[in-house]
Amino acid sequence: MTTAQRGRPATGAPAAPAPAGGRPVARLLAPVLLRLGLLLALMAAICVAGVLASTQAVDHLTDELLPAASANEDVLQDLTDMDAAVGAYARSGDQGALADYEQALQRFPGHEQRVREFARGDAGLELLVTRQQDAADAWLTQYAEPRVEAPGGPGTFQRARYTRGQRLFDEVREAHLATHAEFDRRQREASSDAQWRFRGTIVAVVALGLLGWFLVGRARRRLERELSEPLLAIESTVQRISRSEPDVHAAVAGPREVRAVAVALNDLVEQQARARAVETRIQSELRALDTARDDFVSNVSHELRTPLTTISGYLEMVAEEFEDDMAPRHERMLEATRRNVTRLKTLIDDLLTLSKAENRGTDLEQVDLDQVVRDAVTDVRITAARRGIRVEVTAPGDPLPVLADRAMLNRAFLNILSNAVKFSKDGDPVEVEVTASMGTVRVAVTDHGIGIPAAELDRLGTRFFRASNAVFNEIAGTGLGVRIVQTIIDKHQGEVLFESEEGAGTTVVVVLRLQGDRVPPAPAPAELEAGAQQA
């Protein structure tokens with residue numbers, strides 16, 4: 001990453017303001033959205049107008065023109081029915097033919113009226129309809145009405161009258177043929193107009209769709225150039241920063257907001273570079289302090305061991321030389337001195353052990369955790385037996401392979417067991433249970449001693465911490481044992497859990513990961529009893 005540039009603010013200084021160049025994203029998107037909105041509105045308007053126009057043309061065709069054309073055909077049908085009825089009456093004189101004539105004559109005015117109403121206001125069609133009406137009226141008044149009023153039947157035929165009737169009806173047919181042709185023409189025009197309106201709507205919508213596709217393509221290319229590409233460049237810069245590549249900075253380009261992000265990212269990179277430099281310096285100083293501390297602890301321990309060994313030797317000489325001559329008061333003073341010398345030696349040993357556990361690397365090898373635990377139990381049994389304390393072990397008996405530093409792990413379990421014995425009451429048992437399941441092994445050490453006050457459990461594991469009831473009961477200790485255990489188990493990527501109740505006892509659980517794919521089976525109850533008896 002880039003280091004701090006000359007003239008840039010130091011860490012903690014206000015960030016540089018975003019560059020004034022570049023348009024905001026809103027102004028970049030506004031024209032695109034406006035064009036798309038207008039295009040959509042125009043498409044919607046064309047669709048609505050096209051549908052309305054098509055609907056209007058179809059309504060005119062179906063609701064007005066077709067009924068009028070049908071009524072015009074009904075006019076000719078009525079006249080034809082009347083002509084047939086007149087002919088039948090003339091030939092036979094049958095009164096039933098006259099009834100047919102009257103029925104057709106009653107239907108005729110309604111059909112004729114519908115045709116006249118449709119043609120009203122249309123000069124061309126109105127002229128044709130008027131001609132057809134005049135021809136029909138002439139046939140009715142000059143032939144049909146006089147003929148049905150005259151007698152009918154054989155012997156009533158008059159050729160001149162018949163010829164006049166045929167001529168007048170031919171004029172009716174000729175006039176109707178003209179109106180029929182006009183109606184047919186108008187039907188074709190109306191149908192064609194409706195189709196063209198519908199097709200025109202489709203063509204307009206497709207054209208606007210193509211125009212929208214073209215405008216969207218232009219807008220997409222512009223947005224990619226002015227917005228997407230700068231954002232992708234910032235993303236690439238962030239990925240390079242996450243990989244800790246050197247000399248990385250984001251290009252300041254694109255809209256105003258993207259430029260602001262790029263400037264902020266560059267400031268963050270520079271601040272991280274300065275912070276990393278400070279972190280490196282602090283780590284170097286901490287390593288130097290750790291080395292100095294280790295040297296100090298080693299030197300002080302070495303310097304203290306020699307005089308303590310000398311003092312311990314002289315105390316033994318004094319005790320042997322004046323064994324029968326010392327007063328009880330002097331014996332108590334000598335014993336107190338011995339006890340404090342032992343305490344100082346233990347404290348020095350614990351400090352050295354903790355220092356080594358915290359700073360040295362662990363040389364891990366595959367060891368049998370079951371054997372490590374049993375070795376630690378053997379080491380504390382002699383001390384426990386002096387107070388009548390039994391250390392009972394329950395374990396599967398199969399090998400429990402773990403990766404560990406054998407010496408350090410042995411020291412951790414030795415500390416746990418020593419504390420369990422130390423804080424137990426005389427004659428109470430200490431139980432050690434080893435179980436394996438789901439790829440882990442769990443070692444639980446339980447005593448029935450004084451326990452730890454609930455208010456002090458959160459301080460457990462801090463340096464030189466000793467529970468208040470341990471101090472009150474004058475139980476010796478340095479306050480480093482639990483800290484040593486936690487440090488060693490952490491080195492082995494394990495976990496230490498504490499459960500304690502004041503006056504009832506404490507359970508310390510150590511959880512480590514097993515090695516290999518096979519998890520040892522749980523022991524049967526008979527095997528547990530046999531293992532406990534052997535322990």
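Some ground rules: residues are numbered from 1 along each chain as its sequence is written, and side-chain values use heavy atoms, leaving out hydrogens and water. Since this is a predicted model, local features need pLDDT of at least 70 and side-chain atom pairs count only at pLDDT 80 or more, while totals for chains, interfaces and linings use all residues.

**Overall make-up.** The chain has eleven helices and seven strands; these are DSSP runs (H or I, at least four residues, for helices; E, at least two, for strands), numbered from the N terminus. Of its 535 residues, 34% count as buried, where buried is under 20% relative accessible area, exposed is over 50%, and partly exposed is in between (1.4 Å probe, protein chains only). Take contacts (heavy atoms within 4.5 Å) between residues at least 6 apart in sequence: 75% of them join residues at least 24 apart.

**Nonpolar cores.** A core here is a set of buried Ala, Val, Leu, Ile, Met, Phe, Trp, Tyr and Cys residues joined through side-chain atoms within 4.5 Å. The largest one has 39 residues, and Leu369, Val402, Leu409, Phe413 and Val432 touch the most other members. Elements giving two or more residues to this core include helix H7 (369-386), strand S3 (401-404) and helix H8 (406-422). H8 gives the most, with eight residues. Looking past its neighbours within four places in sequence, Val402 has contacts that include Leu369, Leu409, Val441 and Leu512.

**Rings.** There are four aromatic pairs in the structure. Rings of Phe, Tyr and Trp (its six-membered ring) pair if their centres lie within 6.5 Å; planes under 30 degrees apart are stacked, over 60 edge-to-face, and the rest tilted. Two of the pairs look like this:

| Pair | Type | Centre to centre | Angle between planes |
|---|---|---|---|
| Trp139 and Phe169 | edge-to-face | 5.2 Å | 65 degrees |
| Phe157 and Tyr162 | tilted | 5.7 Å | 50 degrees |

Trp139 counts as buried because its relative accessibility is 0%, and Phe169 is buried too, at 1%. Ring pairs also bring in Tyr143, linking Trp139, Tyr143 and Phe169 into a cluster.
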